[in-house]
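Dear colleague,

Please find below the structure that I am handing over to you. My findings follow it.

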Amino acid sequence: MVPTDATAVAQPNIALVKYWGKRDTALNLPATGSISITLDDLRTRTRVRFSPGLGADSLTLNGAAAPEKLPRITAVLDLLRAQAGTTRFADVQSTNDFPTGAGLASSASGFAALVVAADAALGLHLPPERLSEFARRGSGSAARSVFGGFVEMARGERPDGSDAVAAPLLAATEWPLAVVVAVTSDAAKSTSSGAGMELSRRTSPLYDAWTASSTAALAEARAAIERRDFAALADISEHSSTTMHAVMLSSRPALIYWNGATVECLHLIRRLRETSGVATFSTVDAGPQVKAVCLPEDAARVADALREVPGVLYVRTTRLGPGARLIDPLNDTGGAT
Ligand code: DP6
């Protein structure tokens, strides 16, 4: 075990065909597959240092100790420690250059960066699909941020979850889209995705129909991506997002992740597409932020329009980017493209 210290960078991903429901909570196995795009310039940077001198794992998140998040981190590190045959504890330091826990998928980039850094720090060199599996144990969507561009996460069939892993569909450069993120609140979300999914599974009368519709939605999205058919991808992606929110809203008590500005943004994006002919579509996760996927040449126009919506705090525009990767912390900013 020579290297004990490594730093990785990862970006959040945005699901186009959504994951909302688990078939096993202990192993964090999804009830359905999902398809996502990995973003480029919202970044998580994580340093993991294993040391024989530490008495426990520790986590510093955005410069402050975050003990409440440690159990999930330790559970993922335990998987990697078992592979390496070590019991050494780790010091984890992670920073996000975007709001944490507010529906911008900070857990996806966080756990993807964690497994890539820990794998290197332990000298393991595990294949990407194993890193994806371990990232999934931290957060389902994190399995996708191990890879760049368009990514599909498999539901998997095996009880041990070894086939519930993500795989790349298309590199970011093969269909360079842009995403405009309209941030309508910087507050952390009220109900975590994991708790929300369990509530939906137990109480939403729409839950079974939602999971049953996933195979067809995945096939539709996969075909649209293969053909680079923006209109078809827009149609299935918006449908997946609004259907997931119907499941959330029909949970008991209702999960209402949207605020008023969220709804105004959804109307605006639809107007831009239907009356102004701009190729764009919306997608929303477990929070009030709206992501408008568009062609790069339309990104400035979409951003300008979203910025004008009352309640939008700010917008961020990003291209699609690479998967989680190691960096040299002294002279690398994460491979900005
Ligand atoms: C709405 O991956 O955050 O963003 O596995 O419990 O950590 P856990 O959930 P998480 O859920 C993501 C839900 C979503 C849709 C998606 O990204 O597919």
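The notes below treat the ligand and its surroundings, and then one serine.

The model is predicted, so that local features need pLDDT of at least 70 and side-chain atom pairs count only at pLDDT 80 or more, while totals for chains, interfaces and linings use all residues. Residues are numbered from 1 along each chain as its sequence is written, and side-chain values use heavy atoms, without hydrogens and water.

The shell around the ligand holds 18 residues, of which Tyr 19, Lys 22, Ser 139, Gly 140 and Ser 141 come nearest; a residue is near if one of its heavy atoms lies within 4 Å of the molecule. By class, six are nonpolar, seven polar and five charged (Ala, Val, Leu, Ile, Met, Phe, Trp, Tyr, Cys and Pro count as nonpolar, Asp, Glu, Lys and Arg as charged, and the others, Gly among them, as polar). Both domain 1 (4–174 + 324–329) and domain 2 (178–319) give residues to this shell, so the ligand lies between them; the domain bounds come from an automatic or database assignment.

A polar side-chain atom of Lys 22 lies 2.5 Å from an oxygen atom of the ligand. For a side-chain N or O atom of Ser 141, the distance to a ligand oxygen is 2.7 Å.

Ser 282 counts as buried, at 7% relative accessibility (buried means under 20% relative accessible area, with a 1.4 Å probe and protein chains only). The C-alpha atoms of Ser 282 and Ser 237 are 7.9 Å apart, although 45 residues separate them along the chain.

With kind regards

Notes
Polar contact = N/O pair within 3.5 Å; in protein donor to acceptor, adjacent residues only side chain to side chain. Buried < 20%, exposed > 50% of the residue type's maximum accessible area, 1.4 Å probe, protein only.
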